[in-house]
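Let's start with a pair of helices and then step back.

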Amino acid sequence: MASKTEQASKSTYLLPSEVARALQVSPKTVTRWAKEGKLASRRTLGGHRRYARADIESLAQRLQEQIPA
């Protein structure tokens with residue numbers, strides 16, 4: 001049986017803190033971007049934002065490619 005941590009890491013949606021880590025910004029920046037429409041998010045029944053893992057991974061990859069070596 002997988003632990004809660006293992007299940008969370010494989011989930012389809014990410015928490016704001018996970019997105020912040022992936023994009024190397026603060027969680028408040030992630031929330032602000034979502035409010036401004038720069039990041040797509042879904043809301044849980046409790047009103048918390050969740051972000052599609054595929055979208056964030058794609059964005060992180062594009063940002064890495066833009067950084068000059």
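Are H2 and H4 roughly parallel or roughly antiparallel to each other? This is a predicted model, where local features need pLDDT of at least 70, side-chain atom pairs count only at pLDDT 80 or more, and totals for chains, interfaces and linings use all residues. Residues are numbered from 1 along each chain as its sequence is written, and side-chain values use heavy atoms, with hydrogens and water left out.

Look at helix H2 (residues 16–23) and helix H4 (residues 53–66): their axes come within 9 Å and cross at roughly 20 degrees. The axes are lines fitted to C-alpha atoms over the stretch in contact, with angles running from 0 to 180 degrees between N-to-C directions. Angles under 35 degrees count as roughly parallel, so H2 and H4 are roughly parallel to each other.

Who does the touching? On the H2 side it's Val19, Ala22 and Leu23, and on the H4 side Ile56, Leu59, Ala60 and Leu63; contact here means heavy atoms within 4.5 Å. Sorted by class, that contact has 7 nonpolar residues, no polar ones and no charged ones.

Now zoom out. The protein has 4 helices and 3 strands, running α-β-α-α-β-β-α from the N terminus on. Those are DSSP runs: helices are H or I with at least four residues, strands E with at least two. Among contacts between residues at least 6 apart in sequence, 49% join residues at least 24 apart.

Notes. Parallel < 35°, antiparallel > 145°, perpendicular 65-115°, else oblique. Nonpolar A, V, L, I, M, F, W, Y, C, P; charged D, E, K, R; others polar.
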